[in-house]
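Please keep the sequence and the model open while reading the points.

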Amino acid sequence: MSDNNGPLYRTPTLDPDVLEQWSSYVERFENDSDFIAQQVEQGVMVTTLDRLVGMLDGVYNWGRRSSIWPLGFGLACCAIEMIATFAGRYDLDRFGAALVRASPRQADLMIVSGTVTKKMLPQIVRLWNQMPEPRYCIAMGACATGGGPFKEGYNVVSGIDKYIPVDVYVPGCPPTPQALIHGVMTLQRKIDGQSIRDLSWYRRGEVEEIPVPVLGADLIDLRRLPEIRGQLTPVAAEGDGAGEAGPAAEPAVEAVADDTEA
Amino acid sequence: MTIQTDVETAVLPAERAARAATRFGEKVRVDDEGAWVVEAASLPEVARALRDDFALDYLINLTCVDWPDRFETVYHMASIQGGPPLCLKVAADKAKPIVPSLTGVFAGADFQEREVYDMFGVRFAGHPNLRRILMWEGFAGYPLRKDWREAYYEDDNKPLKSRWPEGDFFFGEDKIADWDDNIKYPSGYQAEGVESSRADDNIVVLDADELHRAPSGSERLIVNMGPQHPSTHGVFQMRLTLDGETVVDLQPVMGYMHRNHEKIGERNLWLGNMPFTDRLDYLAQLGNEWGYALTVEKLMGLEVPERAEYIRVILAELNRIQSHFWSITFLLNDIGAFFTPMMYAIEERELILDLFEMATGSRLMCNYMRFGGLAYDLPEEFLTMAQTLVDDRLERAIDEMDAYLSGNEIVLERMQGVGVLPPDMAINFSTSGPVLRASGVPYDVRRAEPYGVYDRFDWDVVTRPEGDVFARYMVRVGEMRQSLRILKQALRDLPGGEIMGGKKAWQIRVPAGQAYGRVENPRGELGFYCVSDGKANPYRYHVKSPCFVNLTALAEMTKGHKVADTVAILGSIDIVLGEVDR
């Protein structure tokens with residue numbers, strides 16, 4: 001303890017008598033190892049803030065990593081392998097991660113198991129928004145990761161990570177149960193490295209919701225709405241968005257112009 | 001074993017055809033492939049006459065082909081007594097396609113016509129509820145039209161120039177797409193006010209005036225069950241109108257797993273579709289592959305060696321057992337036997353998946369069958385392991401499950417008399433598989449139009465007369481036992497020899513023509529309708545999904561029952577969403 005450069009305690013402004021008592025106390029604390037042992041025996045533990053947070057992190061992370069409750073949420077073929085992973089032979093419960101919750105409010109982990117379609121995407125994003133922090137997302141299989149074999153399909157979203165932050169990607173089509181278990185273990189390792197100091201859910205303010213996409217003529221990502229309008233409407237196309245407007249937007253300009261004249 | 005390829009099989013027996021021809025006169029013309037080309041206006045009349053007077057009472061498939069000069073709706077009708085189907089074709093105008101609806105004749109045409117409307121924009125005059133079914137209302141364009149292009153469109157056909165033959169691998173689609181993403185908007189589209197509008201029809205919002213009082217005095221309530229719901233077996237929505245706890249009306253809403261199988265299939269090479277068929281009904285992979293292989297073999301006129309046929313039977317029947325294990329215990333799961341039966345069943349299922357992995361290299365997505373045979377022969381250990389499993393293990397497991405569960409009081413209470421579907425309705429709704437057989441109709445494609453070597457085995461078609469949820473459950477249990485019977489004979493008789501027929505070729509040449517091939521999958525009759533124009537890709541590739549058609553009868557089965565029973569009824573139909581939505 002005496003090796004520390006700065007003072008261990010900041011002495012408060014008190015009346016001189018108390019201050020003197022206090023200083024002698026601190027002096028003894030810094031020099032007399034027996035005194036420290038005595039204090040510790042009395043149930044007082046002295047440590048640095050970093051170490052304290054570190055110990056707390058350990059407890060928090062242990063709790064979280066050992067009871068990752070997934071949302072009962074199956075999309076496609078991968079869901080079959082996911083259920084097989086929960087079931088007898090592979091038994092994901094050994095990792096504390098097979099207590100499937102029917103409600104997103106009780107779930108910590110969303111395993112996006114299968115092809116994400118445009119029609120389903122608003123519901124997925126809404127479910128994600130409904131899950132309380134801390135929450136994690138595993139993109140299971142090729143489809144959830146990047147569209148997979150169905151990527152070119154007109155109703156397929158090329159990967160859930162365009163909308164939801166993904167923690168672990170599990171490759172495969174579909175991934176075997178072993179691969180999914182490895183994904184969960186990877187997530188556990190990731191949780192072990194987290195600290196309550198830098199996680200958003202221990203900070204002030206609410207976690208921002210992801211805007212739920214809208215199904216219009218095609219999928220509309222509300223975060224890209226200004227860009228979409230800029231490319232599709234004539235006003236913005238003449239202004240700043242003219243250079244970006246692709247060939248598809250050009251007939252749009254004419255059509256809209258016709259409408260306004262009529 | 002020769003697979004019959006002559007077009008005669010697709011026609012009615014000669015004298016019947018002659019009688020029919022005199023009866024319909026000008027309205028019907030038989031084309032050179034044996035299909036009947038019917039005038040649009042007289043379609044319902046012809047269909048009704050075929051149903052009532054010529055015993056073609058079972059509509060098995062309804063789809064559409066987009067030809068350069070016309071839309072052509074295609075109907076396949078068969079007799080419930082068995083025999084090959086008759087193909088009807090109706091041409092519709094390219095600019096304003098309208099065809100009379102068949103819903104008045106066959107209730108099973110309902111969803112299939114909606115699907116054709118959704119994908120091709122062909123309107124069916126007289127359809128009671130002609131709305132989109134797989135895509136959402138407001139989606140721009142009709143995707144399966146040949147001139148409609150997806151955002152990631154690169155070329156009409158694969159292999160794509162950007163990646164082949166130089167082997168240059170990059171994500172061509174990302175460079176091509178206008179929005180660096182898989183989206184496109186029609187010209188003139190204005191994204192104004194989208195934040196507040198509900199463009200999707202997924203959620204019903206009722207006005208206060210619509211909440212009128214039902215006769216019993218309780219409020220009519222609309223409940224959206226799904227698409228995220230533990231009992232819907234995937235992403236499927238039931239929109240229930242309730243009077244208290246009783247279901248007054250039910251509307252299935254689907255398309256949440258619509259991943260464009262047919263559009264992608266028409267861009268793919270013929271063989272390139274084989275792995276995609278695995279992902280249709282992902283609990284019956286090998287059955288799907290067989291159906292597709294069978295259809296293309298019909299087109300190509302290929303012979304399949306005997307050994308390959310036997311191996312196909314072995315794998316397909318193993319597949320049926322594992323699929324029924326899954327569906328039975330998930331039905332029990334739905335009615336409250338939570339997870340325990342499932343855990344036991346999945347244990348047995350894993351053993352069968354081990355065999356699949358051994359034979360094909362993959363547990364789930366096998367990609368094992370080829371046109372004219374199989375990709376590779378079975379490993380040596382397969383037969384001994386399969387033999388042990390079939391002789392010792394599976395039979396006991398089925399008996400055990402049957403003994404513990406089928407007589408259980410709660411099971412009987414929840415299942416008996418629930419969701420009754422009378423036989424005439426089951427036929428009229430075009431249901432197939434266990435749903436049809438549980439209504440007392442002994443129709444099984446393996447008997448009705450035997451494919452492969454099924455005519456060599458001694459087995460029974462399992463039926464039950466009741467038509468309720470319990471009957472469907474018991475039919476599945478019975479079918480597992482019959483599959484074991486077939487397996488024992490097939491394993492005993494498995495011959496040696498080649499596993500691949502025909503000449504080896506780098507590029508598969510499929511002669512121009514059309515074929516409808518069908519197999520009996522665990523969930524019912526899976527059909528593939530393929531049209532070839534002689535090129536490297538299918539011109540039209542349609543999958544007739546048994547689950548999708550069986551769902552047509554769901555509303556009829558649930559009306560008058562309680563909400564909790566809808567869960568059991570849906571479980572007894574046993575849908576797999578990958579196949580419902582494709």
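Is B:Asn260 buried or exposed? The first point below takes up that residue, after a word on conventions. This is a predicted model, in which local features need pLDDT of at least 70 and side-chain atom pairs count only at pLDDT 80 or more, whereas totals for chains, interfaces and linings use all residues. Residues are numbered from 1 along each chain as its sequence is written, chains are lettered from A and ligands numbered from 1 in the order in which they are written, and side-chain values use heavy atoms, with hydrogens and water left out.

1. B:Asn260 counts as buried, at 1% relative accessibility, where buried means under 20% relative accessible area, exposed over 50% and partly exposed in between, with a 1.4 Å probe and protein chains only. B:Asn260 lies in the loop between strand E10 (246-253) and helix H5 (261-267) of chain B; helices (H or I, at least four residues) and strands (E, at least two) are DSSP runs, numbered from the N terminus.

2. B:Asn367 also has a positive phi, near 50°, in a residue other than glycine. This residue is found in the loop between helix H9 (340-360) and strand E11 (369-370) of chain B, and B:Asn367 is partly exposed, with a relative accessible area of 24%.

3. Chain A calls for a check of its peptide bonds. Most residues other than glycine have a negative phi, and most peptide bonds are trans. The bond from A:Glu133 to A:Pro134 is cis, with omega near -5°, and A:Pro134 is found in the loop between helix H5 (121-130) and strand E2 (136-140) of chain A. The bond from A:Cys173 to A:Pro174 is cis too, with omega near -10°, and A:Pro174 lies in the loop between strand E3 (168-170) and helix H7 (177-192) of that chain.

4. As for the make-up of chain B, it has 19 helices and 15 strands, and buried residues make up 61% of its 582 residues. Of the contacts in chain B with a separation of 6 or more, 68% come from residues 24 or more positions apart, a contact being heavy atoms within 4.5 Å.

5. Chain B is divided into domain 1 (8-125) and domain 2 (261-581), with bounds that come from an automatic or database domain assignment. The C-alpha centres of these two domains lie 27 Å apart, and their contact takes 35 residues from domain 1 and 27 residues from domain 2. About 2,400 Å² is buried between them, of which carbon and sulfur atoms give 58%; buried area is the accessible area (1.4 Å probe) that two parts lose on being put together, summed over both. B:Tyr58, B:Ile80 and B:Phe111 supply 24% of the area that domain 1 buries against domain 2, more than any other three residues.

6. How many salt bridges cross the interface of domain 1 and domain 2 of chain B? The rule, which asks for a side-chain nitrogen of Lys or Arg within 4 Å of a carboxyl oxygen of Asp or Glu, finds zero there. Across the interface of chain A and chain B, the rule finds five. A:Glu81 forms a salt bridge with B:Arg363, and the closest N and O atoms are 2.8 Å apart.

7. Between the chains, 61 residues of chain A are in contact with 71 residues of chain B, and the area buried is about 6,000 Å², of which carbon and sulfur atoms give 61%. On the chain A side, A:Lys119, A:Glu152 and A:Tyr154 lose the most area to chain B, together 15% of what that side buries. The charged end of A:Lys119 also sits over the ring of B:Tyr256, 5.2 Å from its centre, a description that requires NZ of Lys or CZ of Arg within 6 Å of the ring centre and within 35 degrees of the ring normal.

8. The structure holds 23 aromatic pairs over all chains; rings of Phe, Tyr and Trp (its six-membered ring) pair if their centres lie within 6.5 Å, and planes under 30 degrees apart count as stacked, over 60 as edge-to-face and the rest as tilted. B:Trp326 and B:Phe330 form a stacked pair, at 4.8 Å centre to centre and 15° between the planes, and both lie in helix H8 (residues 306-335) of chain B, four residues apart.
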